[in-house]
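Let's walk through this model together, one region at a time. Have your viewer open and follow along as we go.

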Amino acid sequence: MLVTSSTEQYYKTIQNLVNGYAGLTFTGSRSNSLDTALKLLNRRHPQLNELGLLSLICEDPQILADLTDLLLVHETYFFREPDLLKRFIDLVSKQQTKETNSRGELKIWCAGCSTGEEAYSLAILLDERLPGLDYRILATDLSLSALRKAEEGRYSQWSLRGLDEATKKKYFVRSENSYSIKNASLRERITFAQMNLKQVTSLTPEWTPLDAIVCRNVLIYFEKPCIGRLSKLFFDHLDLNGFCLTASSDPPLAPNSGFSINAGNCGIVYTKATPANLTHTINHQPNILAKSVHRKRPEEILKATEKKPVDEAREIATTNGGNYLKALEVYKNGDCKTAIQLLSSSTNKNDKKVLTALNLRYISHTGKRNDIEAFLEGLMQKSPCEEDELVVGALACIELKVLRRAEVLLRKAVYLDRKSSYTHHLLGVVSFKNGDLTSARKAFCNAQKIADGQTVLEPIANIEYTDQARFCLDIERYLCLIGEKNNNE
Ligand SMILES: C[S@@+](CC[C@H](N)C(=O)[O-])C[C@H]1O[C@@H](n2cnc3c(N)ncnc32)[C@H](O)[C@@H]1O
């Protein structure tokens with residue numbers, strides 16, 4: 001077609017309409033597909049010229065939907081990106097072993113499922129690798145024609161190109177030139193539904209909170225604002241410890257959506273980490289306890305019991321370290337409540353600090369927002385507050401997602417004790433999340449200076465702070481890097 005300014009305008013108008021309806025963008029070769037789609041649409045309405053077609057698209061929402069349907073790319077196949085699917089199974093298994101997942105039934109959203117291969121692949125994998133698991137999959141797409149095919153569950157040999165013979169035999173019935181999903185139980189696990197990701201604002205309550213979202217090869221069609229809105233929607237609909245998987249070629253979810261990011265070769269895993277896990281990801285240490293409990297104190301106590309005269313050592317081990325060591329042991333075994341009981345009668349100042357941190361950990365795990373708020377206010381009423389208490393207060397604020405207040409408390413904590421790498425580090429992360437990059441950088445540099453030898457901090461401390469975007473990216477990467485390390489631990 002000869003491109004004149006009026007045809008350009010014609011295409012632009014239609015692109016805007018499609019973009020407004022379904023979020024699709026038209027860069028590169030996608031502008032050619034618009035031309036093809038318009039020709040196909042025109043064949044259905046041969047009496048119309050360009051202008052007539054344009055008015056029809058503008059006036060009739062069904063015609064706009066039809067045109068969009070012609071533009072959607074449904075490319076998919078069974079077991080696409082197998083490494084990423086393996087990751088999915090590993091993450092689900094991990095979730096299952098967590099005591100926090102007590103609802104029983106797992107809820108998974110497969111967003112942009114096309115003709116259903118992806119949703120069935122997830123179901124087959126769960127069936128194979130985690131037999132007996134109770135789960136449901138919500139598989140959605142904008143395209144009704146694709147969803148019809150998904151419901152039917154009948155596929156060509158080409159769609160099954162990623163499957164071995166044994167799996168084909170087990171899960172499909174072969175007819176002359178197609179394969180149909182055999183297992184009714186597998187089909188029953190999946191609900192196919194039409195959903196426009198550009199317009200959706202929430203899922204029905206029966207599907208929330210979700211344990212996992214798989215949205216692969218869909219975000220590539222959307223613009224940044226749409227991805228930003230979806231990132232938030234995904235985050236809000238996931239349960240704590242829930243995760244979202246995108247494909248290796250997808251653009252990233254919005255950096256400020258709250259996810260903890262873990263990048264691997266096969267794609268990115270976005271986890272809705274509990275704040276405690278978040279600090280774990282960030283600092284190699286579960287929380288403030290790590291600072292005082294996991295590392296220094298047992299060593300200090302052991303050193304004391306080794307070097308000091310027997311009586312003195314016994315005294316430390318019983319009055320101070322006796323219950324403390326037991327508490328440490330049970331806490332490590334996941335029994336926070338008993339650890340609290342063991343320390344609650346202690347008059348030792350350090351034990352009390354540890355007890356405060358344990359209490360927050362316990363309340364965060366089992367309590368409600370109100371309980372955490374009450375805990376925080378109780379803590380802040382103490383005057384003067386000590387550095388450790390301020391840090392626990394900041395952790396409570398992180399739990400409550402009031403990051404500005406967390407930053408204020410951490411600043412006070414840093415003022416009281418300038419030598420804590422942990423506190424500087426936490427301040428760096430909170431400042432970063434609050435968008436104050438200058439402070440974040442300063443705090444990371446301070447943490448690096450203090451934590452001599454902690455080379456993980458180096459990439460951040462050495463970033464030339466001339467390019468803000470680069471700085472953000474490097475921090476995100478850095479958080480990923482640490483997340484990776486923790487996963488391997
Ligand atoms: C390339 S397929 C990806 C299929 C599958 N997720 C996979 O990775 O194999 C992209 C799918 O996204 C769907 N899609 C595009 N825009 C959408 C929107 N606004 N809402 C819902 N689905 C959309 C398309 O209909 C298409 O089926």
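In which strand is N241 found? N241 is found in strand 8, which covers residues 238-245. Helices (H or I, at least four residues) and strands (E, at least two) are DSSP runs here, numbered from the N terminus. N241 is not a glycine, although its phi is positive, at about 70°. N241 counts as partly exposed because it has 17 C-beta neighbours inside 10 Å. For the cut-offs, a residue is buried if 20 or more other C-beta atoms lie within 10 Å of its own, exposed if 12 or fewer, and partly exposed in between, with C-beta atoms placed from the backbone.

Before going further, a word on what you are looking at. This is a predicted model, in which local features need pLDDT of at least 70, side-chain atom pairs count only at pLDDT 80 or more, and totals for chains, interfaces and linings use all residues. Residues are numbered from 1 along each chain as its sequence is written.

Now for the overall picture. The secondary structure of the protein comes to 22 helices and 10 strands. Of its 489 residues, 35% count as buried. Among contacts with a separation of 6 or more, 64% come from residues 24 or more positions apart; two residues are in contact if their C-beta atoms, placed from the backbone, lie within 7 Å.

Moving on from strand 8, we come to N256, in the loop between strand 8 and strand 9 (260-264). N256 has 14 C-beta neighbours inside 10 Å and therefore counts as partly exposed. N256 and N434 are 178 residues apart in sequence, yet their C-alpha atoms are 9.1 Å apart in space.

That pair takes us to helix 19 (residues 421-433). Helix 19 is mostly covered, with 11 of its 13 residues buried. Among them are Y422, H424, H425, L427 and F432. After helix 19 comes G435, with a positive phi near 85°.

Next, let's look at how some helices pack. Two packed helices are described by the angle between their axes and the distance between the axes. Here, axes are lines fitted to C-alpha atoms, for helices over the stretch in contact, and angles run from 0 to 180 degrees between N-to-C directions. The axes of helix 17 (residues 387-399) and helix 18 (residues 403-416) come within 8 Å and cross at roughly 165°. Helix 17 is therefore roughly antiparallel to helix 18; angles under 35 degrees count as roughly parallel, over 145 as roughly antiparallel, 65 to 115 as roughly perpendicular and the rest as oblique. Helix 17 passes helix 18 in a left-handed crossing, a term used if the near helix is turned anticlockwise from the far one by less than a right angle, with right-handed used if clockwise. The residues that meet include L390, A394 and I398 in helix 17, and L403, L409 and A413 in helix 18.

In the loop between helix 17 and helix 18 you will find K401. Its phi is near 60°, a positive value in a residue other than glycine. K401 is exposed because 11 other C-beta atoms lie within 10 Å.

Helix 17 has another partner. The axes of helix 16 (residues 369-381) and helix 17 come within 10 Å and cross at roughly 155°, so helix 16 is roughly antiparallel to helix 17. Helix 16 also passes helix 17 in a left-handed crossing. Here I372, F375, L376, L379 and M380 in helix 16 meet residues of helix 17 including V392, G393 and A396.

How do helix 5 and helix 6 cross, left-handed or right-handed? Their crossing is right-handed. The axes of helix 5 (residues 82-97) and helix 6 (residues 117-129) come within 11 Å and cross at roughly 50°, so the two helices are oblique to each other. The contact is made by L85, F88 and I89 of helix 5 and S121, L122, L125 and R129 of helix 6.

Finally, turn to the backbone between two strands. P209 sits in the loop between strand 6 (190-194) and strand 7 (210-214). The peptide bond from T208 to P209 is cis, with omega near -10°.

How values were computed: Expected span 1.5 Å × (residues − 1).
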